[in-house]
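Me: Could you walk me through this model? I would like to start with the overall fold and then turn to the charged side chains.

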Amino acid sequence: MTEPDYYSRNGLSPLSAFKQGLISREEYIGFIKGNIIKYIIRCDKKGQAVSDLKKASDYLELLYKELKDE
């Protein structure tokens with residue numbers, strides 16, 4: 001998943017920091033799931049349905065990669 005440049009201007013993006021242990025793995029998985037839900041729920045409310053569904057899809061792919069070897 002590619003994050004916009006503004007997320008990493010200070011050196012480490014939030015996703016990278018989370019993945020590296022800033023929060024627990026359980027919290028990281030919850031963060032990913034929360035973003036999937038957020039983007040699906042709001043997809044028809046902000047006039048950016050395709051963009052929001054793409055973001056949900058990106059987070060779903062991230063979740064898949066994180067869980068596939070369990």
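**Contacts, helices and salt bridges**

Reply: Among contacts (heavy atoms within 4.5 Å) between residues at least 6 apart in sequence, 47% join residues at least 24 apart. This is a predicted model, in which local features need pLDDT of at least 70 and side-chain atom pairs count only at pLDDT 80 or more, while totals for chains, interfaces and linings use all residues. Residues are numbered from 1 along each chain as its sequence is written, and side-chain values use heavy atoms, with hydrogens and water left out.

Me: Which elements does the chain run through from the N terminus on?

Reply: The order is α-α-α, with 3 helices and 0 strands in the chain; these are DSSP runs numbered from the N terminus, helices being H or I of at least four residues and strands E of at least two.

Me: How many salt bridges are there?

Reply: The structure holds 6, each a side-chain nitrogen of Lys or Arg within 4 Å of a carboxyl oxygen of Asp or Glu.

Me: What does R42 pair with?

Reply: R42 forms a salt bridge with D52, with 3.2 Å between the closest N and O atoms. Because R42 lies in helix α2 and D52 in helix α3, the pair ties together parts that are 10 residues apart in sequence.

Me: Is D52 buried or exposed?

Reply: D52 counts as buried at 0% relative accessibility, whereas R42, at 21%, counts as partly exposed; buried means under 20% relative accessible area, exposed over 50% and partly exposed in between, with a 1.4 Å probe and protein chains only.
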